[in-house]
Amino acid sequence: MKIRIYYEDTDCGNVVYYANYLKYMERSRTELLRKQGVDLSEYQKNNILFAVIEANVKYRAPARYNDLLDVQSIVNEITAATIGFETTIKNESGVLLVKGNIRLACMRSDGRARRIPEEIKQALTGSV
């Protein structure tokens, strides 16, 4: 997905504030799930939630105001209760700016872990 950097995304040095990359990764994961037919809001109605339990981000170069970023996520691991995503963020020239690995855990609304529904695993298997 493409994301344009607006002034609100930057810090006083006119570079993207580091935490905003996590937001871009979230959007990319959500769009990947949607593309694979997984609507998390529908699962939420049935007490099936996903929460970030691990985030590892490597910042390589800054994005700046008005840059157009290419954000791509893939599923790189699925276990009984977790999904791992790898996200790359590049600028228009194809330079890698940020690489992140995020792990989501499947859980009930009371915070207890649960198995990922089989239909989600099947929808994402082609992404691994």
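## Two loop asparagines

Asn 14 sits in the loop that links strand E1 (2–4) to helix H1 (20–35). Helices (H or I, at least four residues) and strands (E, at least two) are DSSP runs, numbered from the N terminus. This is a predicted model, in which local features need pLDDT of at least 70 and side-chain atom pairs count only at pLDDT 80 or more, while totals for chains, interfaces and linings use all residues. Residues are numbered from 1 along each chain as its sequence is written, and side-chain values use heavy atoms, with hydrogens and water left out.

Although Asn 14 is not a glycine, its phi is positive, at about 70 degrees. Most residues other than glycine have a negative phi. Asn 14 has a relative accessibility of 34%, so it counts as partly exposed. The classes are buried (under 20% relative accessible area), exposed (over 50%) and partly exposed (in between), with a 1.4 Å probe and protein chains only.

Asn 66 belongs to the loop between strand E2 (49–59) and strand E3 (68–78). Its phi is also positive, near 75 degrees, in a residue other than glycine. Asn 66 counts as partly exposed because its relative accessibility is 45%.

## The buried side of H3

Which residues of helix H3 (residues 118–125) are buried? They are Ile 120, Lys 121 and Leu 124. These residues cover an arc of only 100 degrees around the axis, and therefore lie on the same side of H3. The arc is that of the directions from the helix axis to the C-beta atoms.

The cover over the buried residues of H3 includes H1, helix H2 (40–45), E2, E3 and strand E4 (82–90).

## The chain as a whole

Three helices and five strands make up the secondary structure of the chain. Their order along the sequence is β-α-α-β-β-β-β-α. Along the principal axes, the C-alpha atoms fill a box of roughly 45 × 30 × 20 Å. Of the contacts (heavy atoms within 4.5 Å) with a separation of 6 or more, 65% are between residues 24 or more positions apart.

Of the 128 residues in the chain, 34% are buried. The chain has 19 positive charges (Lys and Arg) and 16 negative charges (Asp and Glu), with His and the chain ends not counted.

How values were computed: The place of a charge is taken as NZ of Lys, CZ of Arg, CG of Asp or CD of Glu.
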